[in-house]
Amino acid sequence: KKELALVEVARHFFRGGGLMVLVAGLISNMSALNATVFSSSRVAFAMGRDRNFPSFFSRVHAKKNTPHWAIFLSLLIVVFMAVSLPIEVVATAADVMFLLIFLQVNLALITLRKKRQDLDRGFWVPLFPWISIMGIVCNLALALYMFTYSLRAWAVTAAWIVAGLLIYKFYAASREIEYARKV
């Protein structure tokens with residue numbers, strides 16, 4: 001119902017306004033889904049290459065040079081989520097996941113700068129570590145706010161995190177160590 005409110009408002013402003021907002025919303029959703037399939041398939045491809053996923057995810061199509069199995073799996077997951085959950089829950093869960101990922105990036109930056117001072121870095125971080133600490137606090141605050149906004153989205157997020165940890169623990173960890181020994 002909230003989604004239709006904007007369409008109704010636009011319909012009252014000018015003839016065809018509601019249709020224009022509806023079409024724009026559909027196009028933006030398709031664009032976001034396309035970007036999601038593209039980026040997640042690249043991650044699945046890299047994880048297949050590194051043996052965190054089965055190696056068939058790293059296979060590239062002979063003619064099109066695309067990771068077709070990774071794209072297909074990503075498509076299935078996106079379609080499943082889009083069909084089984086309200087779009088607001090999917091979007092909020094994605095937002096929470098991105099906030100937690102950016103929180104990890106800031107934490108990793110601090111950790112690596114302190115523990116591995118010997119590494120050559122191609123960039124300088126101004127006001128280190130204060131910018132990263134502010135990033136951690138802001139990302140955590142926004143993620144916790146999302147908890148009050150949509151408990152269901154947090155449940156989806158928690159399920160994805162638990163599934164990822166279980167897959168890593170029982171499938172990927174041993175294969176990753178084995179693969180690292182060979183390289």
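**View 1. The surface of the whole chain.** The chain exposes about 13,500 Å². Carbon and sulfur atoms supply 71% of that area. The model shown here is predicted. Of the 183 residues of the chain, 24% count as buried.

View 2. Six helices and zero strands make up the secondary structure. Read from the N terminus, the elements run α-α-α-α-α-α. The radius of gyration is 21 Å, well over the 16 Å that the globule rule gives for 183 residues, so the chain is more spread out than a compact globule. The C-alpha trace spans about 65 × 50 × 30 Å along its principal axes. Take the contacts between residues at least 6 apart in sequence: 57% of them join residues at least 24 apart.

**View 3. The charges of the chain.** The chain carries 20 positive and 9 negative charges. What separates their mean positions? The distance is 5 Å.

**View 4. The largest nonpolar core.** Which residues make up this core? There are seven: Met81, Leu85, Val89, Val90, Ala93, Ala153 and Val156. Helices α4 (87-115) and α6 (151-182) each supply at least two of the core residues. Helix α4 gives the most, with three residues. In soluble globular proteins, nonpolar side chains tend to be buried together.

**View 5. Val90 and its contacts.** Val90 belongs to the largest nonpolar core. Set aside its neighbours within four places in sequence, and Val90 is in contact with Met81 and Leu85.

**View 6. A second core.** This core is separate and holds five residues. Among them are Val96, Leu99, Met146 and Trp154.

**View 7. Val89 in helix α4.** Val89 has its place in helix α4. Is Val89 buried or exposed? Its relative accessible area is 8%, under the 20% cut-off, so Val89 counts as buried. Leaving out residues up to four places away in sequence, Val89 touches Ser150, Arg152, Ala153 and Val156.

**View 8. Val89 and Ala153, across the sequence.** How many residues apart in sequence are Val89 and Ala153? They are 64 residues apart. In space, the two are 4.9 Å apart, C-alpha to C-alpha. Ala153 is also one of the residues that Val89 touches.

Note on methods. Residues are numbered from 1 along each chain as its sequence is written. This is a predicted model: local features need pLDDT of at least 70, side-chain atom pairs count only at pLDDT 80 or more; totals for chains, interfaces and linings use all residues. Side-chain values use heavy atoms; hydrogens and water are left out. A nonpolar core is a set of buried Ala, Val, Leu, Ile, Met, Phe, Trp, Tyr and Cys residues joined through side-chain atoms within 4.5 Å. Buried means under 20% relative accessible area, exposed over 50%, partly exposed in between (1.4 Å probe, protein chains only). Helices (H or I, at least four residues) and strands (E, at least two) are DSSP runs, numbered from the N terminus. Contact means heavy atoms within 4.5 Å. The radius of gyration is taken over C-alpha atoms; the globule rule is 2.2 Å times the number of residues to the power 0.38. Accessible areas come from the Shrake-Rupley method with a 1.4 Å probe; for residues, only the protein chains shown count as cover. Lys and Arg count as positive and Asp and Glu as negative; His and the chain ends are not counted. The place of a charge is taken as NZ of Lys, CZ of Arg, CG of Asp or CD of Glu.
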